[in-house]
Amino acid sequence: MITLFRKFRQRLFTENKLGKYSLYAIGEIILVVIGILIALQINNANDLRKLRVKEVHYLKNIKSDLQINILELDKYIETRTQCIQAANSILEHFEGKPITDPSAFNALGISIYSWQKFYQSNNTFQELLNSGNLAIIANDSIKNMLLNIESLYKK
């Protein structure tokens with residue numbers, strides 16, 4: 001096929017048909033440009049697909065982090081509730097309720113000191129921020145919610 005085009009081009013050039021040769025050359029240039037544009041379009045579509053796969057991966061990991069946080073918060077609330085109940089029981093004793101079991105009273109006092117800070121799991125969000133990939137998230141409302149959640153965690 002290439003040799004056919006080469007012979008055709010040489011024949012046009014040797015026969016001094018400059019107009020036809022110019023038309024042939026313009027046609028070749030147009031074909032090359034069209035080929036390049038098609039290749040660029042395919043490359044852009046492939047890059048966009050890879051970016052969406054990465055976005056879905058980040059969103060799944062954020063969802064997983066949030067589910068872990070919900071479980072940890074439930075445990076945290078339960079622990080804090082037990083501490084509050086223990087503190088209320090101790091306050092009852094200070095208000096006049098007699099202590100019948102000193103070891104139970106001591107256990108109540110010890111359980112009050114188990115106040116712990118909640119540490120959220122936000123590894124994926126930190127990775128998004130530190131890598132500069134937060135722009136991958138296409139949905140602005142999700143992006144804003146993530147930033148709001150992060151600021152609430154800091155409070």
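Start with the whole surface. The accessible surface of the protein comes to about 12100 Å², and 63% of that area belongs to carbon and sulfur atoms. Areas here follow the Shrake-Rupley method with a 1.4 Å probe, and for residues only the protein chains shown count as cover. This is a predicted model, where local features need pLDDT of at least 70, side-chain atom pairs count only at pLDDT 80 or more, and totals for chains, interfaces and linings use all residues. Residues are numbered from 1 along each chain as its sequence is written, and side-chain values use heavy atoms, with hydrogens and water left out.

Switch to cartoon. You will see five helices and zero strands. Along the sequence the pattern reads α-α-α-α-α. Helices (H or I, at least four residues) and strands (E, at least two) are DSSP runs, numbered from the N terminus.

Color by burial. Of the 155 residues, 17% count as buried. Buried means under 20% relative accessible area, exposed over 50%, and partly exposed in between (1.4 Å probe, protein chains only). Among contacts between residues at least 6 apart in sequence, 66% join residues at least 24 apart.

Next, the salt bridges. The search of the whole structure finds four. The criterion is a side-chain nitrogen of Lys or Arg within 4 Å of a carboxyl oxygen of Asp or Glu.

Select K75 and E72. Their side chains meet in a salt bridge at 3.7 Å, N to O. Both residues lie in helix 2 (residues 18–94), three residues apart, about one turn of the helix. E72 is partly exposed, at 35% relative accessible area.

Move to K97 and E92. This salt bridge spans 3.6 Å, N to O. K97 is partly exposed at 43% relative accessibility. E92 is also partly exposed, at 39%.

Jump to D140 and K143. The closest N and O atoms of this salt bridge are 3.8 Å apart. Both residues sit in helix 5 (residues 140–154), and being three residues apart there, they are separated by about one helical turn. K143 counts as buried, at 19% relative accessibility.

Now look inside. The whole structure holds one cavity of 30 Å³ or more. Which elements give two or more residues to its lining? They are helix 2 and helix 5. A cavity is found on a 1 Å grid over the protein atoms alone, as a set of points where a 1.4 Å probe fits but cannot get out; lining residues have an atom within 4 Å of a point. Grid points are joined across faces, edges and corners, and the volume is the space filled by probe spheres set on the points.

S121 is buried, at 18% relative accessibility. Leaving out residues up to four places away in sequence, S121 touches D65, I68 and N69.

Last stop: A135, in the loop between helix 4 and helix 5. Is A135 buried or exposed? A135 is exposed, with a relative accessible area of 63%. Draw a distance from A135 to E55. The two are 80 residues apart along the chain, and their C-alpha atoms are separated by 9.5 Å.

Terms used:
On a 1 Å grid over the protein atoms alone, a cavity is a set of points where a 1.4 Å probe fits but cannot get out, and a pocket is an open set with protein on both sides within 12 Å along at least five of seven lines; lining residues have an atom within 4 Å of a point. Contact means heavy atoms within 4.5 Å.
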